[in-house]
Amino acid sequence: MDAELKYCVDQFEGTNFVVWARRIESIFVPKNLDKFLSKEADETKGNEVSASKKAYALMLSFLSDKVLVSLSDENTCASIFQKLKSTYLRDGAVNQILIRKRLSKLKKKKEVSMQEHLNEVNGLVNQLKSYGVKTSDMDIIVYILMPLPSE
């Protein structure tokens, strides 16, 4: 049955890491491979080494060539995932400020549905959360409803 499963996860190309990582975790969990996202296999346990190799092969299949080239020194699933996190989940203040600025200037466009607008707001809020920023529901409501000052 496993061979029949198809995954609808685009290869990671360097953007929207938080969403991509969540999808990857949702694929690794039912296969009991999720522990290899954060730890190496115990070399004394053959079945763990075998599962780790499966996790590594699966991880490679979800990476674009552009990203994979930058990971040429990584040879386990855990080392790849850690490198991706350290590269794409930067917790710098500058990134947080830029996201907050985008949120504060975000305005619903006429040609965009309310759902698409809400998805955009949620995407930016999730990026902030990935940096460890606590965002209350009230903050999100303000981002959605507060009009821009007249220019």
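Read from one end of the sequence to the other, this chain follows the pattern α-α-α-α-α-α-α. That makes 7 helices and 0 strands. Please keep in mind that the model is predicted.

Let's start with the chain as a whole. It has 151 residues, and buried ones make up 30% of them. The accessible surface comes to about 10,500 Å², with carbon and sulfur atoms accounting for 53% of that area. As for contacts, if you take those between residues at least 6 apart in sequence, 53% join residues at least 24 apart.

The largest nonpolar core has 25 residues, and the ones with the most contacts inside it are Trp20, Ile24, Phe28, Met59, Leu63 and Leu84. Three helices, H1, H2 and H4, each supply at least two residues of this core. The largest share, 6 residues, comes from H1.

| Helix | Residue range |
|---|---|
| H1 | residues 17-28 |
| H2 | residues 46-61 |
| H4 | residues 77-88 |

Which residues is methionine 59 in contact with, leaving aside its neighbours within four places in sequence? Its partners are Trp20, Ile24, Phe28, Leu37, Cys77, Ile80 and Phe81. Trp20, Ile24 and Phe28 are also listed with Met59 among the residues with the most contacts inside the largest core.

The chain also holds a second, separate core of 11 residues, and Leu106, Val121, Val125 and Tyr131 are among them.

Methods. Residues are numbered from 1 along each chain as its sequence is written. This is a predicted model: local features need pLDDT of at least 70, side-chain atom pairs count only at pLDDT 80 or more; totals for chains, interfaces and linings use all residues. Side-chain values use heavy atoms; hydrogens and water are left out. Helices (H or I, at least four residues) and strands (E, at least two) are DSSP runs, numbered from the N terminus. Buried means under 20% relative accessible area, exposed over 50%, partly exposed in between (1.4 Å probe, protein chains only). Contact means heavy atoms within 4.5 Å. Accessible areas come from the Shrake-Rupley method with a 1.4 Å probe; for residues, only the protein chains shown count as cover. A nonpolar core is a set of buried Ala, Val, Leu, Ile, Met, Phe, Trp, Tyr and Cys residues joined through side-chain atoms within 4.5 Å.
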